[in-house]
Amino acid sequence: MLSVESISYSYKKRGGGAAAALRDVTFTAQRGSVTAIVGPNGSGKSTLFRVITGLLTPDSGTVLEDGCAVRRETMGVVFQSPSLDTSLTAFENIAHHAMLHGRRVKRDALAPSVVEASGLGEFLDTRVDALSGGYRRRVELVKALISEPRLLVLDEAFNALDTNSRSQFFSLLRSLTSSKGLITLLITHIPALASQCDQVVALSDGGIVGSGGPTDLLDDLGSSVVEIETDDAVALEQALNTLGITTRFTLPSGSVLLPRTPLAALVPVLELLAVPPSRVLLRPPTIEDWLHARAHSAAIATEEVRYA
Amino acid sequence: MMTWILPVYSLWLRDMKDFIRRRGRVVGAIGQPFVIWIFLASGFQNSFGGTAMAGMDYGTYLFPGVVLLIALFAALFSTMSVIEDKKSGFMQGVLTSPAPRAAIVWGKLLAGATLALAQAVLFMVLLPWTDIRLSLSAVLLSVLVLACAGLLLTSLGLFFSWRMSSTQGFHAVMNLLLLPLWVLSGALFPVDGAAPWLASVMELNPLYYVTVLFQRMFFLDSGTGITGGPDTMTALGVFAATSLLMFTVTLRTVAKR
């Protein structure tokens, strides 16, 4: 088990003072499970990544793996920015990284399952500067796995991958995590990916705003949400206020989301609007909805509301 | 043991491959000092002379200094890759690996020293086309001094590059500090002909002792010798002490950051 206990970290500001990047962050991640660490830009994800990987020493708190300090020998890391030497081939990058871990690898000894799932097979002897962004990510992933880690930390590792590759690699991660008993931390801003993980830890403004299994978190929003798209947001706002529907938040697209609201409850709202909404959608909630709700401190009802 | 040796080997090998695959660097590292040697040797042939040159023509006197300049350039350029590695993200992969910081330092030092030595020796291949004749023992001892100088110069470069975030800043340090160190090392002119104040400045320059030692080994058995300067044991002592100090400081710098 990975225990992140009461981690705080502040960056020193030029000219004095400090800016808190992490505030008393505490969570655990189980062996054999994939934990997503999510949050908007500036929420402290990258700082937390740097603390866990040992690139930063926290002001306070500890990171323990099975009760002991995290060992670099058993940690695999994939960075947000590429950490490859572009003048070397894919295999040379992997082999060099293995040597930094004190082991030599031969091409034949590369785990076929990893190479196959990464789709790197035919590109192992290609120089990295000739590989696309997606394939470079694959090299990074294989590189992280080559040291047979017990703890795998991935910072936005799936960014440059297309949907198919993302899905393939996530499946690989899942199977490796469970078969080898890894603790996998996936720092991501892709909510769809987070919803496939075993646990989600949400950060906002340097602190944890929620954690748990994706389905448990979504319970906060009820079994369904209503998404309303309108050209007259002010009128919609007024109508919702008039009817006392205060549990709502606005998505980045401008649509208004109402958690735990049955469609029937919308009838009086629609009657109050001079211009009907361009779209009203009843759908299951997503992790993205939950994150928006949390990030914007929306008051999410924790009990079935009066319309039920 | 393998957790120490393999990371050193990995970083050394990577720098070798990187260098070989970027051939333009060889041209730059050897071409510039070669041009400097040709121009200075032919242009100042009549300006320098006298007893301090021990009867040598200026081109002959300058040759070991240019060899050291090549080693200096090669060592510094090899450590400049640390800044690029930090920018490109490669270094973060190295720093999160279990490789000990000392192994990282030694990997870079050995790579820099190898490249410095290889390029300096490559320049020395020009010797048969000059009037300079060296004995085998002079060549071997010169190469030995060059190898040690390569380690010292790489260590000096690594000390600066590890702290820097831009190659422009590193170039500024090269121009403001490292190149003047070479100019005042006795490579261009002997200390005997210098004004007393300049001679005192040169004696404070650690690279001066490296140059003296290298020139002594280079002209060993050649029938010529450069007069003045510290005795060989003093030069060796200052060289060794400077190297030890530089390695320690560099290691501490890398271990901290």
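Predicted model: local features only at pLDDT ≥ 70, side-chain atom pairs only at ≥ 80, totals over all residues.

Residues are numbered from 1 along each chain as its sequence is written, chains are lettered from A and ligands numbered from 1 in the order in which they are written, and side-chain values use heavy atoms, with hydrogens and water left out.

The strands named here are DSSP runs of E with at least two residues, and the helices are runs of H or I with at least four residues, both numbered from the N terminus. Two strands count as paired if DSSP finds at least two bridges between them. Strand β3(A) is joined by five bridges to β8(A), residues 183–187, and the two run parallel. Four bridges join β3(A) to strand β9(A), residues 199–204, again in parallel, and within β9(A) the bridge partner of A:A36 is A:V200.

In a regular strand the side chains alternate between the two faces of the sheet. In β3(A), A:S33, A:T35 and A:I37 point one way, whereas A:V34, A:A36 and A:V38 point the other way, and all are buried. Buried here means under 20% relative accessible area, exposed means over 50%, and partly exposed lies in between, using a 1.4 Å probe and protein chains only. Because six of the six residues of β3(A), residues 33–38, are buried, this strand is largely enclosed by the rest of the structure.

## An antiparallel sheet and its salt bridges

Chain A also holds an open sheet of four strands in the order β12-β13-β11-β14, with antiparallel pairing. Its edge strands are β12(A), residues 249–250, and β14(A), residues 279–283, each of which pairs on one side only. Strand β11(A), residues 225–229, pairs with β14(A) in the antiparallel sense over five bridges, and A:I228 has A:V280 in β14(A) as its bridge partner.

A salt bridge is counted when a side-chain nitrogen of Lys or Arg lies within 4 Å of a carboxyl oxygen of Asp or Glu, and by this rule there are 17 salt bridges over all chains. One of them joins A:E227 and A:R279, whose closest N and O atoms are 3.8 Å apart. This pair links distant parts of the chain, since A:E227 lies in β11(A) and A:R279 in β14(A), 52 residues apart. A:E227 counts as buried at 10% relative accessibility, whereas A:R279 is partly exposed at 38%.

## Charged contacts around B:R14

In chain B, B:D85 and B:R14 form a salt bridge with their closest N and O atoms 2.7 Å apart. B:D85 lies in helix α3(B), residues 58–88, and B:R14 in helix α1(B), so the pair ties together parts that are 71 residues apart in sequence. Both B:D85 and B:R14 are buried. Salt bridges that share partners join A:D85, B:R14, B:D15, B:D85 and B:K108 into one network.

B:R14 also lies over the face of B:F90, at 3.9 Å from the ring centre. Such a contact is counted when NZ of Lys or CZ of Arg is within 6 Å of the ring centre and within 35 degrees of the ring normal.

## Aromatic pairs in chain B

Rings of Phe, Tyr and Trp (for Trp, its six-membered ring) pair if their centres lie within 6.5 Å, and planes under 30 degrees apart count as stacked, those over 60 as edge-to-face and the rest as tilted. The structure holds 18 aromatic pairs over all chains. Among them is the tilted pair of B:F34 and B:W37, which is 6.4 Å from centre to centre with 45 degrees between the planes.

Both residues lie in helix α2(B), residues 24–43, where B:F34 and B:W37 are three residues apart, about one turn of the helix. B:F34 is partly exposed, with a relative accessible area of 31%, while B:W37 counts as buried at 10%. Ring pairs link B:F34, B:W37, B:F63, B:F123, B:F214, B:F218 and B:F219 into a cluster.
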